[in-house]
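Visitor: Could we go through this structure together? I would like to begin with how a term is used.
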Amino acid sequence: MTRASTAQQSNSVIPAPAKITVSLTINGVATQLSIAPWATLLDVLRDQIDLTGTKKGCDHGQCGACTVLVDGRRINSCLTLAVMKDGAHVTTIEGLATDGALHPLQQAFIDHDAFQCGYCTSGQICSAAGLIAEGKAKSPDEIRELMSGNICRCGAYPNIVQAIQQAMGQS
Amino acid sequence: MIDFQYTRADTIADAIRQISANTEAKFIAGGTNLIDLMKEDVERPARLIDISRLPLKSVEETANRGLRIGALVPNSDLAYHPLIAQRYPMLASAILAGASAQLRNMASTGGNLLQRTRCAYFYDTTSPCNKREPGSGCSAIAGLNRGHAILGTSEACIATHPSDMCVALVALDATVHVVGPTGARAIAFADFHRLPENTPQRDTNLERNEIITAIELPARGFAANCSYLKIRDRLSYAFALVSVAAALELEGDTIKAARLALGGVAHKPWRDPSAEAELQGQTTNPSTFTRAANVLLRDARGFEHNAFKIDLARSAIVRTLTQAASGIPQSQSSKKIA
């Protein structure tokens with residue numbers, strides 16, 4: 001009760017914040033967007049730019065389905081305010097293929113049947129792209145540990161590790 | 001998420017000015033915990049002041065051969081920094097034991113200190129919680145308290161501090177540098193976090209209009225003989241039931257200096273100089289280590305579901321000190337406990 005009445009009171013005092021103009025380069029395309037402060041990068045990608053390859057799983061940073069690359073680093077887009085990334089380069093699953101050719105990780109996930117339902121897959125692949133760029137994982141143990149932020153409830157983990165190993169061999 | 005206003009801070013002075021001007025404002029850096037708590041309606045700031053662009057992202061050597069870590073250095077950059085990996089491997093290991101690769105890329109050094117408990121009742125706005133709503137009661141004391149504290153608890157709160165990094169930092173005698181409206185001050189790491197007592201709503205001794213600017217490490221990093229062992233329900237990406245940071249300085253098998261701290265067991269990273277004194281001058285063997293563990297845990301008290309943590313902590317302390325003494329630290333990739 002106290003919390004609800006406090007909220008009502010604050011709403012009557014504080015005017016709704018204005019949207020903020022933000023520049024983002026998404027999959028190589030420079031874009032200017034008008035964004036509400038509370039919009040997460042995940043929601044902006046999906047709802048404002050129609051890039052729905054990035055998935056919303058838990059929306060709390062626990063499942064990794066929303067993983068994208070910001071300035072080359074993998075992050076959880078569900079816990080990222082888009083306004084804080086003004087000027088950043090964002091790469092999503094839609095931006096990995098070049099000139100119509102699949103990214104080596106996309107091909108490796110197909111080759112190794114590294115998914116069943118596919119809902120976690122774009123997050124897995126973006127996370128693996130970040131993992132390979134970081135260069136810290138060599139062994140299967142290290143791949144498993146450094147991919148632990150991506151949950152696959154179908155349990156395709158052994159095939160995911162194999163797919164990443166294949167792509168690492170090519171990079 | 002509730003409506004809030006968003007501004008950026010251009011300088012540290014500007015950040016302090018902005019936070020002082022609005023009692024309902026909060027700083028945001030990595031945002032990994034704050035955004036989550038805002039989605040849960042636990043945190044309801046009227047304004048977020050974005051400090052992520054402040055120039056606090058470097059790791060520099062200090063005049064006395066220590067390191068000064070900028071408060072905005074991401075957790076992953078810190079863990080993989082060559083000077084941390086070489087001279088403070090226990091800190092690197094503790095960081096890599098926490099969260100996921102994505103979260104470590106986002107989370108800042110200063111923010112790691114300020115993350116809030118993961119007590120489920122703190123997150124659940126329909127449950128009484130003295131930390132979230134002072135005076136409403138503690139649901140955990142007679143509730144599902146398997147993950148909760150066994151040391152330093154109070155009638156008001158039995159929550160734990162969730163950080164791994166902070167366990168290593170307290171063991172390494174780090175210092176927290178902060179700046180506020182009246183200037184800069186330094187806080188010894190052991191004095192930074194608080195016990196719950198009657199004010200569990202206050203996690204730390206940082207004032208609300210102060211900003212963390214850096215963490216300083218002294219020269220001694222205990223690189224040769226240290227280990228960080230984290231015991232949890234899953235092998236990765238889970239909070240500690242019990243974690244141990246142990247570091248020794250040895251001459252042969254005689255302990256010249258010892259550091260010992262626990263995570264997952266208290267409202268703050270738990271360190272007790274009397275347990276370290278128990279090790280000093282002794283030889284490295286299981287009975288020495290068990291005596292130190294008994295001193296560190298002498299006031300431990302379990303609740304309905306977490307009493308197992310006392311024996312678990314005792315065993316983990318002995319095991320981690322054994323790893324440190326042998327110079328073979330716990331791997332954070334291979335999960336076999338050495």
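Guide: A residue is called buried if 20 or more other C-beta atoms lie within 10 Å of its own. Please note that this is a predicted model.

Visitor: Which residues are buried in helix H3 of chain A?
Guide: In H3(A), which covers residues 104-111, the buried residues are Pro104(A), Leu105(A), Ala108(A) and Phe109(A). These residues are on the same side of H3(A), because they cover an arc of only 135 degrees around the axis.

Visitor: And what do they pack against?
Guide: The buried residues of H3(A) pack against H4 and against helix H6 (157-170) of chain A.

Visitor: What follows H3(A)?
Guide: Asp113(A) follows the helix, and its phi is positive, near 55 degrees.

Visitor: Let us step back. How many helices and strands does chain A have?
Guide: Chain A has six helices and five strands. Along the sequence, their pattern is α-β-β-α-β-β-β-α-α-α-α. Of the 171 residues in chain A, 42% are buried.

Visitor: Which domains are assigned in chain B?
Guide: The assignment gives domain 1 (5-50) and domain 2 (226-325). The C-alpha centres of these two domains of chain B lie 36 Å apart.

Key. Residues numbered from 1 in each chain as written. Chains lettered and ligands numbered in written order. Predicted model: local features only at pLDDT ≥ 70, side-chain atom pairs only at ≥ 80, totals over all residues. Domains from an automatic or database assignment. Buried ≥ 20, exposed ≤ 12 C-beta atoms within 10 Å, placed from the backbone. Helix = DSSP H or I, 4+ residues; strand = E, 2+ residues; numbered from the N terminus. Arc of directions from axis to C-beta. Contact = placed C-beta atoms within 7 Å.
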